[in-house]
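Me: I have a structure open and I'd like to walk through it. Can we go piece by piece?

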Amino acid sequence: MLLLDTHVWLWSVDGDARRVGRRARHLLLRAEAREGIRISPVTIFELVALHTLGRVRLARSPEQWVRHSLEAAGVRVAELTPAIALDAGAIPRAVLADPLDRLLVATSRHLDAVFLTADARVLDYAERTGAVRVHDARS
């Protein structure tokens with residue numbers, strides 16, 4: 001199972017093959033065939049917030065983009081549970097500053113999923129701690 005970071009979800013839906021590496025595309029195809037792609041409600045929040053700020057441009061309204069993207073084969077929304085919130089809250093800010101990243105890391109752990117991201121801070125956190133399985137989306 002794969003949990004997609006916000007930028008990876010956007011890139012994969014928009015077909016931005018320049019940003020998603022060959023191995024990551026292979027992982028996405030395998031997970032899609034098994035309906036094993038997950039996104040977090042946090043990801044939806046972040047995408048809409050970035051759109052509202054003008055940092056992300058969507059081809060359609062956020063509601064239409066999200067609805068269309070969730071209809072894609074294999075994509076499901078992961079539940080945000082109290083256990084995930086507790087886990088995320090226990091990750092020290094000093095090691096992973098962004099609270100949304102902490103929620104995504106905790107979600108990945110609770111799903112026993114590989115977190116597909118290109119975020120250098122998350123990749124570094126995973127390498128230093130071994131606390132979450134990640135794959136660099138650029139490879």
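Me: Which residues of H2 are buried?
Reply: Ala24, Leu28 and Ala31 are the buried residues of H2. Keep in mind that this is a predicted model.

Me: Where do they sit around the axis of H2?
Reply: They cover an arc of only 70° around the axis, so they end up on the same side of H2.

Me: Why would residues spaced like that point the same way?
Reply: An α-helix has 3.6 residues a turn, so residues three or four places apart point the same way.

Me: And what is exposed on the other side of H2?
Reply: Arg22, Arg23, Leu29 and Ala33 are exposed there.

Me: What covers the buried residues of H2?
Reply: The cover includes one helix, H1 (6–13). It also includes strands E1 (2–4), E2 (37–39), E4 (114–117) and E5 (134–136).

Me: How many residues does H2 have, and how far does it reach?
Reply: H2 runs over residues 22–33, which is twelve residues. From first C-alpha to last it reaches 17 Å. That is close to the 16 Å expected at 1.5 Å a residue.

Me: What comes just after H2?
Reply: Glu35 does, with a positive phi of about 50°. Glu35 is a residue other than glycine. It sits in the loop between H2 and E2.

Me: How accessible is Glu35?
Reply: Its relative accessibility is 43%, so Glu35 counts as partly exposed.

Me: Is Asp112 buried or exposed?
Reply: Exposed. Its relative accessibility is 55%, and the cut-off for exposed is over 50%.

Me: New topic, the sheet. What is the order of the strands?
Reply: The order is E3-E2-E1-E4-E5. It is an open sheet of five strands, with parallel pairing.

Me: Which strands stand at the edges?
Reply: Strand E3 (75–77) and E5 do. Each has a single partner strand, so one side of each is left without a neighbour in the sheet.

Me: How much twist is there from one strand to the next?
Reply: The twist averages 35°.

Me: Over how many bridges do E4 and E5 pair?
Reply: Three bridges, in the parallel sense.

Me: Which helix lies across E1, E2 and E3?
Reply: H3 does, residues 41–53. H3 runs at about 60° to E2.

Me: Where is Val48, and how accessible is it?
Reply: Val48 is in helix H3. At 28% relative accessibility, Val48 counts as partly exposed.

Me: What separates the C-alpha atoms of Val48 and Val75?
Reply: A distance of 18 Å. The two residues are 27 residues apart along the chain.

Me: Over to H1. Which of its residues are buried?
Reply: Thr6, Val8, Trp9, Leu10 and Trp11 are buried in H1. What covers them includes E1, E2, H3, H4, E3 and E4.

Me: What follows H1?
Reply: Gly15, with a positive phi near 70°.

Me: How do the axes of H1 and H4 cross?
Reply: At roughly 80°, with the axes coming within 11 Å. That makes H1 roughly perpendicular to H4.

Me: Which residues meet there?
Reply: From H1, Trp9, Leu10 and Val13 take part. They meet Trp65, Val66, Ser69 and Leu70 in H4.

Me: Which residues are buried in H4 (residues 62–70)?
Reply: Pro62, Trp65, Val66 and Ser69. Seen down the axis of H4, they fall within an arc of 95°, so they line one face of the helix. They pack against H1, H3 and E3.

Me: Tell me about Ser69. What is its relative accessibility?
Reply: It is 1%, so Ser69 counts as buried.

Me: What does Ser69 touch?
Reply: Trp9, Val13 and Val75, leaving out residues up to four places away in sequence.

Definitions and conventions
Residues numbered from 1 in each chain as written. Predicted model: local features only at pLDDT ≥ 70, side-chain atom pairs only at ≥ 80, totals over all residues. Heavy atoms only, no water. Helix = DSSP H or I, 4+ residues; strand = E, 2+ residues; numbered from the N terminus. Expected span 1.5 Å × (residues − 1). Buried < 20%, exposed > 50% of the residue type's maximum accessible area, 1.4 Å probe, protein only. Arc of directions from axis to C-beta. Contact = heavy atoms within 4.5 Å. Pairing = 2+ DSSP bridges. Axes fitted to C-alpha atoms, helices over the stretch in contact; angles between N-to-C directions. Parallel < 35°, antiparallel > 145°, perpendicular 65-115°, else oblique.
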